[in-house]
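The sequence and the structure are shown below, and the discussion follows them.

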Amino acid sequence: MSRPELQAPPEIYYGDTEAKKYTNNSRIQQIQADMTYRALELLNLPPDESAFVLDIGCGSGLSGEILDEQGHVWVGVDVAPSMLEVAFEREVEGDLFLQDIGQGFGFRPGSFDAAISISVIQWLLNAETSHPTSSPPHRLTRFFTTLFAALRNPSRAVLQFYPTSDDQIQLITSIAQKAGFGGGIVVDYPNSNKARKVFLCLFVGGGGGSQQMPKGLEDEGQESEGRAMFEKRRERQSKSKSGKRKSIKDKDWILKKKQLYRQRGKNNVPHDSKYTGRKRKPVF
C-alpha cells in the first residue's frame, strides 16, 4: 500500500547529497507529479484563475513546479533544511519557510485560497518526545486548527497521505472536523494494494455545489487513463487557439501573477512596463 521512497519523514534532515538524489530521481518526480495533479483536480479551483496555494511539506519544490505550470502562486513549508536548500538552488518560484507543521502555522487568517500536501501528514502521528504536547493528537490539533485559520472561506485543502490503519484515518479526520473542517476521505483504486491512494479532502465554509464531496477513482485500470488525461489537459492548456504551442509564462500570465503578489502584500514586486514578458534575443 505504501511507497517507501516518498515517505521519508520530515523529522529526518536530509543531507545535501541525499536531498539532491531524491529530487533527481525520475520515478519520484513522476509519482510526485501524478499525485499533485490529482490533488489539484480534487481542489476544484476555478479554471483560468491564479490561486494562492500553501504547499505543506514542499520539499525541494517538485509539487511547486506543477503549481507554477498551472499558473498558481504558492508558498512552501518544510522541516528539512537540506530539501529547502535544493529548492533554492533550483530557483523555484514559491516563497519557502522552514517549519515543523506539528507546531502549527503562523500565517495571517484567510491568507490562502487552497492548500495541498503530498505524502506528509502521516508523520504527525509520530510522537517526538514523551511530553504530552508532543503526542500525535496535540500535533494534529495544532496543525489543523492553524491550517483552518490560514485558509479563506470558502476553500479546500487536499492532503495525500499513507495511513497504516483505519484507526489512523479516524484519528486524523476526527481532529480535522473538530478544527472546523468539513469533508472527508477520498480513496483512489481502493481494491489495489499497489495503486491505492488516500486523500483527505477538507472544506472550509460552504460554497454550494463546489463543496460537494468528490469521488475516488474506482479501478487500477483508470490510473493510466488518468495520467493520459492529465497529459492531454496540460497540452491543451499550453496551446493557443491557433494550435501553436504557447509559452506558459507569457505576458498575461506574468501580469496576473504580479497583481496577485501585490494583493497579497508582497514587497518589491517589479513595476509593469512595455518590457514586461518581452522575449530576450539570444546573445552569441
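In this predicted model, the side chains of strand 1 are divided between two directions: Phe-52, Leu-54 and Ile-56 point one way, Val-53 and Asp-55 point the other way, and all are buried. In a regular strand, side chains alternate between the two faces of the sheet. Because five of the five residues of strand 1 are buried, this strand is largely enclosed by the rest of the structure.

**Pairing of strand 1**

Strand 1 is parallel to strand 2, and five bridges join the two. It also pairs in the parallel sense with strand 4, over four bridges.

| Partner of strand 1 | Sense | Bridges | Paired residues |
|---|---|---|---|
| Strand 2 | parallel | five bridges | Asp-55 with Gly-76 |

In soluble globular proteins, nonpolar side chains tend to be buried together. Here the largest nonpolar core has 36 residues, and those that touch the most other members are Leu-54, Ile-56, Phe-143, Phe-144, Leu-147, Leu-159 and Phe-181. At least two residues of this core are supplied by each of strand 1 (52-56), strand 2 (73-78), strand 4 (112-118), helix 5 (136-150), strand 5 (151-161), helix 6 (166-178), strand 7 (197-204) and helix 8 (251-263). Helix 5 provides the largest share, five residues. Domain 1 (4-245) and domain 2 (249-277) each contribute at least three residues to this core.

Which residues does Phe-143 contact, leaving aside its neighbours within four places in sequence? Its contacts are Ile-56, Ile-101, Phe-105, Ile-121, Leu-124 and Leu-159. A second core of 27 residues is separate, and its members include Ala-33, Cys-58, Leu-67 and Val-158.

**Helix 4**

Helix 4 (residues 81-89) has buried residues at Ser-82, Met-83, Leu-84, Val-86 and Ala-87. An α-helix has 3.6 residues a turn, so residues three or four places apart point the same way. The buried residues of helix 4 pack against helix 1 (16-24), strand 2 and strand 3 (95-98). Just after helix 4, Glu-91 adopts a positive phi of about 55°.

Notes: Residues numbered from 1 in each chain as written. Predicted model: local features only at pLDDT ≥ 70, side-chain atom pairs only at ≥ 80, totals over all residues. Heavy atoms only, no water. Core = buried A, V, L, I, M, F, W, Y, C linked by side-chain atoms within 4.5 Å. Buried < 20%, exposed > 50% of the residue type's maximum accessible area, 1.4 Å probe, protein only. Domains from an automatic or database assignment. Contact = heavy atoms within 4.5 Å. Pairing = 2+ DSSP bridges.
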